[in-house]
Amino acid sequence: MTQSVQKKHFSPSHADHNHAHVITPDQDKAPIMIGFVLLEHFSMVAFTGAVDALVTANLVQTEKLFDYATLSLTGSSVVSDLGIEIATGSSVEEALNASSQLFDVLIVCGGYRCQLAEQPALTEYLKNHQKNDAYLGGLWNGSIALAHAGLTQGRRIAVHPDNHPYVKEHFQDTSIAKETSIIDGSILSCSGPVSALGMMLSLVEDMQGNRIARAVKEILTCDQLAESPITPIPQPTDEAKYPDALKKVLELMRSNIEEPLTLEELLHYASVSRRQLERLFQNHLETSPSRYYLELRITYARRLLQQTNKPIIEVAIASGFVSSSHFSNCFKDYFGVAPSNFRKKTSQA
């Protein structure tokens, strides 16, 4: 009789880094469709920052989560604020005439020199999406188009500071948020190019869960200045607040991946007892020292598989495993697939 082995789950301290890479059975679920309406002189940086969040979300997950398309108001191209002409897949005018399928999310991309006057076709297009319960958003001052359509009544929106007087003068029923990006119900908005990423991270979290969002954030914001979105996504750890002994052990583990230290060596260097160390790990990381160390090495191996062409045996050795078979079994326990197959699947994604 064959005994089934249950796949292991990463402890909280490593779940955020690895959850999105765990191989799961293929799903037929269609990706969420997001449309970007590019206004003339739209902010290229804000637009690419928003798209980057979606593309990265697809990269950290085994199935495609998002797809997107661009639209102009009329015609087949739009000139950005950088003077670069961008070809669009369609236009709002064409979509209305053809009764095209609506998006799950529709975002208007504004910019410093974008016209703020109402565009009747865009107003109609936004209202059609609102009737279909779509998320509606604005980058920079793109949310002003939503206000013209009467979709921000009683809502708070983020908008560029230069446009605050315009909003206060024309839309008394709309509040200007203090945050640089915000999701208020189904309305999302941001005030500039940097906060566009924060807005999209909040959208990804809202639609795909915080683990996907945190995996994206880890990749895209490693060198970004602090932002203040309406719902900050928590960091996976808060290591600055850890006791010194725990920080010392974590640093020792990270510095000794290829040749792992024994538990006795860790206890010696950190000057703590076994019971003290186990209590520290359980209280702050919800796992044991040995499991944390193993998952740290498995995570390191996963990154090597994705980012290098090293043979499996070299990945195993570099991650502190004495044999490729032991490494393969441990890796499969967590990711549900052997290292060689994992590399194939992720390279094809």
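1. A quick term before we start: rings of Phe, Tyr and Trp (its six-membered ring) pair if their centres lie within 6.5 Å, with planes under 30 degrees apart called stacked, over 60 edge-to-face and the rest tilted. Searching the whole structure turns up 10 aromatic pairs.

2. Keep in mind that this is a predicted model, where local features need pLDDT of at least 70, side-chain atom pairs count only at pLDDT 80 or more, and totals for chains, interfaces and linings use all residues. Residues are numbered from 1 along each chain as its sequence is written, and side-chain values use heavy atoms, leaving out hydrogens and water.

3. Have a look at Phe 36 and Phe 47, an edge-to-face pair at 5.4 Å centre to centre with 80° between the planes. Phe 36 belongs to strand β1 (residues 32–38) and Phe 47 to helix α2 (residues 44–59), so the pair ties together parts that are 11 residues apart in sequence. Helices (H or I, at least four residues) and strands (E, at least two) are DSSP runs, numbered from the N terminus. Phe 36 is buried, at 0% relative accessible area; buried means under 20%, exposed over 50%, and partly exposed in between (1.4 Å probe, protein chains only).

4. Phe 331 and Phe 342 are also edge-to-face, 5.2 Å centre to centre and 75° between the planes. Helix α14 (residues 324–335) holds Phe 331 and helix α15 (residues 339–348) holds Phe 342. Both are buried.
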